[in-house]
Amino acid sequence: MNHLKLVIAEKPSVAQSIAKVLGATKRHDGYTEGNGYLVSWCVGHLVELAAPDAYDPRYKKWTREDLPILPEKWKYNVSPSTRKQFDILKQLMNRSDVSEIVCATDAGREGELIFRLVYHQCGCKKPFERLWISSMEDRAIREGFENLKPRSEYDALYEAALCRERTDWIVGMNATRFFSVLYGRTLHVGRVVSPTLAMTVMREAEIAAFVPESFYTVNISMPEMTATSGRLKEKQAAQDLANVCAQSMAIVSKCERKEKSEKAPALYDLTSLQRDANRKLGYTAQQTLDYTQSLYEKKLVTYPRTDSRYLTDDMAEKVPALSEVAAKLAGKAAPAECIVKPVVNSKKVSDHHAIIPTMSAERAELAALPVGEREILRLIATRLIAAVALPYRYAETVAEIQCGTDVFTAKGKTILEAGWKAVEKPEKTENPLPPMNEGDSFPVLSAEVKEGKTKAKPHYTEDTLLSAMERAGEDEMPKDAERRGIGTPATRAGIIERLVTRGFLERTGDKKCRNLIPTEKGSALITILPEQLQSASMTADWEEKLLQIEHGEYSSEAFMSEITEMISSLIETYQVVKDASIIMPEAGKSLGKCPVCGADVIERPKAYSCSNRQCNFALWKNSRYFEAIGKRMTESIAKKLLNKGSVRLKDCYSKRLDRNFNATILLDFDENGKAQFRMEKGGDRS
């Protein structure tokens with residue numbers, strides 16, 4: 001009997017790339033075969049944690065008396081939408097000619113979980129090895145199969161993934177039911193989403209409480225330079241100083257010239273790429289992850305879900321050639337001197353190195369890529385050639401100038417070496433000061449009072465919220481400790497999207513500078529949540545412990561016990577907030593009038609539906625029409641459809657055309673009163 005190896009990837013596209021390299025090109029339903037291999041795939045999470053009513057039918061009703069729900073033995077279900085592919089995998093695993101399995105799901109925590117749950121749900125006992133690669137290039141796949149890893153190296157990673165999944169279930173299921181029952185409306189609570197929401201609510205509270213204060217400065221103009229006074233609280237004092245300085249002489253009391261250097265920025269990990277893509281291109285974190293994942297599957301960039309900003313030592317000799325490829329992709333000149341040392345450090349690489357273009361990208365047809373993917377590829381390429389460029393060097397002159405009763409400051413700058421800034425953000429302007437020495441005097445040509453105001457902290461954007469999530473808890477950590485944070489590079493985008501789609505956050509402002517603002521519903525939820533469920537530092541501590549479990553440095557049992565004790569204590573001791581009816585938005589408030597019968601449309605757990613139970617009209621939150629264009633029915637969209645009959649949507653996505661577009665969606669209904677949608681012709685594509 002021939003002995004075959006079964007390779008299981010996470011997605012069909014990845015399986016196709018692997019199958020091509022292995023020579024398994026004969027197609028079957030749900031897998032390919034050839035050259036001693038069977039290659040198949042999962043479709044996301046085929047196996048999921050069971051709902052509470054799988055443990056006891058009484059849990060179908062939400063009651064406080066049944067909480068907390070803490071399964072002793074965890075149950076799993078196969079997702080109905082992917083049952084067919086699961087059955088194919090089960091059949092392949094149980095084939096008598098399959099002697100060994102290769103786990104080739106994405107090389108990270110969630111990829112490990114996806115494979116292992118399928119493996120256990122199928123009751124498979126056959127040995128398996130792990131494919132662990134950071135690039136989908138043919139060469140990387142071949143090398144990966146030549147160096148398959150034993151399953152035991154990733155047992156701790158699987159333990160961490162189970163803990164993450166199960167504690168999210170414990171907190172999410174129990175806290176959501178608990179607070180929903182207490183306050184009479186559906187309130188989604190999560191181990192990670194709630195602290196993230198809390199940060200935005202606290203920021204808005206700071207902004208609302210901020211009272212701007214006026215201050216005044218005096219600018220004195222002299223030949224070839226301008227100097228500025230310190231801040232003054234009183235306008236009259238500033239005007240008096242200006243009057244004294246006008247038409248007088250200013251004397252240099254101190255003058256220092258220093259040469260300074262700014263080293264090139266580090267390569268991208270996922271979070272820093274998402275931040276730059278939001279700031280420079282206006283992309284959401286989820287869009288950036290999706291674009292980068294697609295580029296990875298097209299073999300144009302390396303693995304995206306990484307928290308490292310360095311390359312491994314053995315990659316050093318490849319960096320000059322990679323920077324040449326990157327220069328072509330970015331449409332820029334490669335640096336005259338490629339400085340490899342700053343980007344290479346194996347000690348700072350955990351599971352995957354930084355995100356960089358692949359050698360295969362040299363042959364990419366950029367014009368054929370969707371706009372979003374093309375822009376992200378250019379961003380990644382530009383960062384690589386900047387990271388290996390010379391430092392940016394400049395000379396800064398700072399002069400202290402005595403005039404009247406105050407000391408003024410003048411600053412000048414001369415660029416000595418453009419270095420990496422010539423690649424990422426060219427700085428052409430110089431403002432050198434004229435030659436001067438201590439004791440020199442200059443005539444004051446004019447003196448002008450300038451008024452300014454102190455500013456509140458800015459609203460969170462995708463960029464700054466990602467940064468805050470990444471840095472959460474760092475103030476309480478020793479300097480040499482491993483980085484904490486809320487969520488992981490792979491999950492932060494999903495956390496933000498969940499808050500938006502559930503109506504707790506909304507995006508406001510123009511496309512390239514959109515703020516993330518908590519809604520009334522989001523602010524109300526944080527007001528009634530206890531500290532432990534909204535504490536960013538506590539959640540960062542939990543995330544750090546998950547990382548320790550991955551490294552075999554912390555017990556999964558201890559972590560699970562910590563979470564279950566917290567949720568049990570919360571349910572036992574929590575007191576309802578006084579005057580909650582004032583704080584919470586009114587349950588069942590009208591979003592608009594039903595276009596079918598004229599009754600109020602209200603929010604329910606799964607839809608914005610007509611309050612008239614005899615009417616069939618509903619705007620489903622998981623509307624297939626909206627999901628097909630990469631959107632979700634939110635409260636804001638529902639309101640516009642109800643009140644205007646249409647909604648203008650930006651950055652919709654066509655899977656068939658593989659491109660983004662803007663569109664106006666019109667609302668209608670059929671003879672049974674069910675909502676229907678149609679797209680106004682002439683949507684502008686990008």
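Predicted model: local features only at pLDDT ≥ 70, side-chain atom pairs only at ≥ 80, totals over all residues.

Student: Which element has the lowest mean pLDDT?

Tutor: pLDDT is the predictor's confidence in each residue, from 0 to 100, and its mean over the protein is 90. Elements are DSSP runs numbered from the N terminus: helices (H or I, at least four residues) and strands (E, at least two). Strand 8 (residues 128–130) has the highest mean, 97, while the lowest, 70, belongs to helix 19 (residues 580–583).

Student: Where do the buried residues of helix 4 fall, seen down its axis?

Tutor: Buried means under 20% relative accessible area, exposed over 50%, and partly exposed in between (1.4 Å probe, protein chains only). In helix 4 (residues 138–146), the buried residues are A140, I141, G144 and F145. The arc is taken from the directions from the helix axis to the C-beta atoms; these residues fall within an arc of 130°, so they line one face of the helix.

Student: Why can residues three or four places apart point the same way?

Tutor: The spacing is set by the turn of the helix. Residues three or four places apart point the same way because an α-helix has 3.6 residues a turn.

Student: Which elements do the buried residues of helix 4 pack against?

Tutor: Packing here rests on contact, which means heavy atoms within 4.5 Å. The partners are strand 1 (4–9), helix 1 (12–22), strand 4 (37–41) and strand 7 (98–104).

Student: Which element gives the most to the lining of the second largest pocket?

Tutor: On a 1 Å grid over the protein atoms alone, a pocket is an open set of points with protein on both sides within 12 Å along at least five of seven lines, a cavity is a set where a 1.4 Å probe fits but cannot get out, and lining residues have an atom within 4 Å of a point. The second largest pocket holds about 690 Å³, and of its 27 lining residues the closest to the centre are S134, E143, D314, M315 and H353. With 4 residues, the element that gives the most is helix 4.

Student: How much space lies in the largest cavity?

Tutor: The search finds 2 cavities of 30 Å³ or more. Residues that line the largest cavity include V14, W132 and Y296. Grid points are joined across faces, edges and corners, and a volume is the space filled by probe spheres set on the points; for this cavity that is about 70 Å³.

Student: How far apart in space are C255 and N437?

Tutor: C255 is in strand 12 (residues 249–262). Beyond its neighbours within four places in sequence, C255 is in contact with T397, V398, A399, M436 and E438. C255 and N437 are 182 residues apart in sequence, yet their C-alpha to C-alpha distance is 6.5 Å.

Student: Is E224 buried or exposed?

Tutor: E224 sits in the loop between strand 10 (214–222) and strand 11 (225–228). Its phi is positive, near 70°, in a residue other than glycine. The relative accessibility of E224 is 67%, so E224 counts as exposed.

Notes:
Residues numbered from 1 in each chain as written. Heavy atoms only, no water.
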